[in-house]
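The report below describes a protein through its strands, its domains and a few individual residues. Please keep the sequence and the model open while reading.

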Amino acid sequence: MQVSHNYSLKTHNTFGFDVLAEHFTRSANVAELQRALAWAKSRQLPVFILGAGSNSVFTADVAGLVIQMDFRQLEFLAPNRTGAAVIAGAGVDWHWLVQQCLQKQRYGLENLALIPGSAGAAPIQNIGAYGRELSDFLTAVEILDRTTGDVRLLNHEQCLLGYRDSLFKSDQGRDLIVLAIHLNLAVQDKPLCHYASLAQSLDSAGIDNPDSQTVFEHVCAIRRQKLPDPAEIGNAGSFFKNPVVSADQLKSLLSNHPEAPHYPQNDGCHKIAAGWLIEKAGWKGYRRDRVGVHADQALVLVNHGGGSGQQIATLAADIQRDIEQKFHIALEAEPGIY
Ligand SMILES: Cc1cc2nc3c(=O)[nH]c(=O)nc-3n(C[C@H](O)[C@H](O)[C@H](O)COP(=O)(O)OP(=O)(O)OC[C@H]3O[C@@H](n4cnc5c(N)ncnc54)[C@H](O)[C@@H]3O)c2cc1C
């Protein structure tokens with residue numbers, strides 16, 4: 001097992017923060033992962049599991065052992081009555097997986113194209129975009145339980161997938177390491193394109209009945225146009241979840257701001273656009289130190305270069321406080337802040 005010491009994570013987080021991992025290794029299979037965990041345990045070191053670092057804000061050097069998941073297996077199973085199973089190792093690049101599935105005529109993931117990160121991190125916050133979520137396809141997750149050392153399969157229900165949420169974010173799930181994800185994809189090419197900006201993009205191109213490849217291309221084009229590329233300006237995508245409020249809270253918001261965008265949920269609650277709240281509060285384009293709020297996307301906090309995770313965390317806390325004061329709505333950060 002190869003362990004690097006005081007290893008820079010600058011190229012392993014999309015904010016580009018220059019922090020060090022006290023110790024760093026990669027694991028490509030269960031035996032390597034178990035060796036790495038035993039190495040840390042024998043030295044009483046904490047362990048941090050890393051994918052591609054696109055949903056992680058490092059505010060300081062990371063103590064202990066950082067294990068980057070490098071499980072790369074990818075299996076396409078024969079179709080059955082309900083679709084076709086695909087099994088992807090935790091270290092498989094998510095966007096590459098989406099492309100491979102399309103090439104093999106396995107459909108559904110096209111709406112989730114160009115989301116940065118690893119397949120293993122996809123269930124952690126139940127990634128979603130353009131009208132789809134991972135939970136629409138996830139049938140099971142292969143995990144290693146750090147407390148017992150057991151390797152087992154969790155089914156869809158056991159993963160407790162919600163809006164940018166899952167078992168893995170809870171206290172009960174924090175010791176579970178995702179080894180692989182099992183998906184059930186469609187073999188019929190019938191993409192879902194009701195999501196407003198996707199439907200508009202197809203419509204303005206004069207496309208009525210798109211195939212999944214066309215949806216994939218439009219999703220990529222919209223994302224490239226709307227979201228800052230971490231290769232050019234450090235960021236972690238949307239920094240805050242869209243808050244879900246009660247009917248009473250919505251009523252009070254609309255009494256002052258009738259134009260506030262809101263979306264009814266199945267349980268009688270309403271989702272509010274966090275980006276609208278942040279823009280309305282005057283934060284869009286705000287800059288402080290080497291960090292700020294993106295000039296075109298109020299939901300995206302950025303590192304202009306040379307900024308730190310601490311600066312981003314402080315800015316995020318200030319925005320949360322301001323939104324709470326102005327709208328009485330609590331914003332929750334989407335990435336993990338460490
Ligand atoms: C430009 C940009 C756009 C984005 N757009 C979207 C979007 O549209 N929708 C969306 O949902 N997200 C989006 N994100 C967020 C991000 O892409 C996803 O959350 C992604 O799944 C993170 O993957 P990662 O491998 O980089 O995770 P990391 O940042 O490496 O890890 C995230 C968390 O998961 C844990 N983790 C990672 N791998 C494992 C594992 N194998 N087992 C257990 N725990 C693990 C880590 O410890 C950490 O707590 C965007 C990010 C960026 C930078």
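Strand S10 (residues 138-145) is mostly covered, since 6 of its 8 residues are buried. A residue is called buried if 20 or more other C-beta atoms lie within 10 Å of its own, exposed if 12 or fewer do, and partly exposed in between, with C-beta atoms placed from the backbone. Strands (E, at least two residues) and helices (H or I, at least four residues) are DSSP runs, numbered from the N terminus. The model is a predicted one, in which local features need pLDDT of at least 70 and side-chain atom pairs count only at pLDDT 80 or more, while totals for chains, interfaces and linings use all residues. Residues are numbered from 1 along each chain as its sequence is written.

**The sheet around S10**

S10 belongs to an open sheet of 5 strands with the order S6-S7-S12-S10-S11 and antiparallel pairing. Two strands are taken to pair if DSSP finds at least two bridges between them. The edge strands are strand S6 (74-76) and S11, each of which pairs on one side only, and the twist averages 20 degrees from one strand to the next. Angles of this kind run from 0 to 180 degrees between N-to-C directions, and the axes are lines fitted to C-alpha atoms, for helices over the stretch in contact.

| Strand pair | Bridges | Residues opposite each other |
|---|---|---|
| S10 and S12 | 7 bridges | Leu-138 and Leu-183 |
| S7 and S12 | 6 bridges | Ala-85 and Asn-184 |

S10 and S11 form a hairpin with 5 residues between them, and Gly-149 in the turn has a positive phi of about 80 degrees.

S13 pairs with strand S19 (residues 301-303) in the antiparallel sense over 2 bridges, and Gly-234 stands opposite Asn-303 in S19.

**The nonpolar core**

Which residues of the largest nonpolar core touch the most other members? They are Ile-181 and Leu-301, out of the 87 residues in this core, and the largest share of the core, 8 residues, comes from strand S12 (residues 176-185). A nonpolar core here is a set of buried Ala, Val, Leu, Ile, Met, Phe, Trp, Tyr and Cys residues joined through C-beta atoms within 7 Å. In soluble globular proteins, nonpolar side chains tend to be buried together. Leaving aside its neighbours within four places in sequence, Leu-301 is in contact with Asn-235, Phe-239, Val-291, Val-293, Ile-312, Leu-315 and Ala-316, where contact means that the C-beta atoms of two residues, placed from the backbone, lie within 7 Å.

**Domains**

The domain assignment of the protein gives domain 1 (4-69), domain 2 (74-185) and domain 3 (234-337), these bounds coming from an automatic or database domain assignment. The centres of domain 1 and domain 2, taken over C-alpha atoms, are separated by 21 Å, and the contact takes 10 residues from domain 1 and 13 residues from domain 2. On the side of domain 1 that touches domain 2, helix H1 (residues 30-42) gives the most, with 3 residues.

**Residues in loops**

Leu-112 is found in the loop between helix H2 (94-103) and strand S8 (128-129), and this residue is buried, with 24 other C-beta atoms within 10 Å. Apart from neighbours within four places in sequence, Leu-112 is in contact with Val-98, Ile-127, Ala-129 and Arg-132.

Most residues other than glycine have a negative phi. Gln-44, however, has a positive phi near 55 degrees; this residue lies in the loop between H1 and strand S3 (47-50) and is exposed, with 7 other C-beta atoms within 10 Å. Arg-164, likewise not a glycine, has a positive phi of about 50 degrees; Arg-164 is placed in the loop between S11 and S12 and is partly exposed, with 19 other C-beta atoms within 10 Å.
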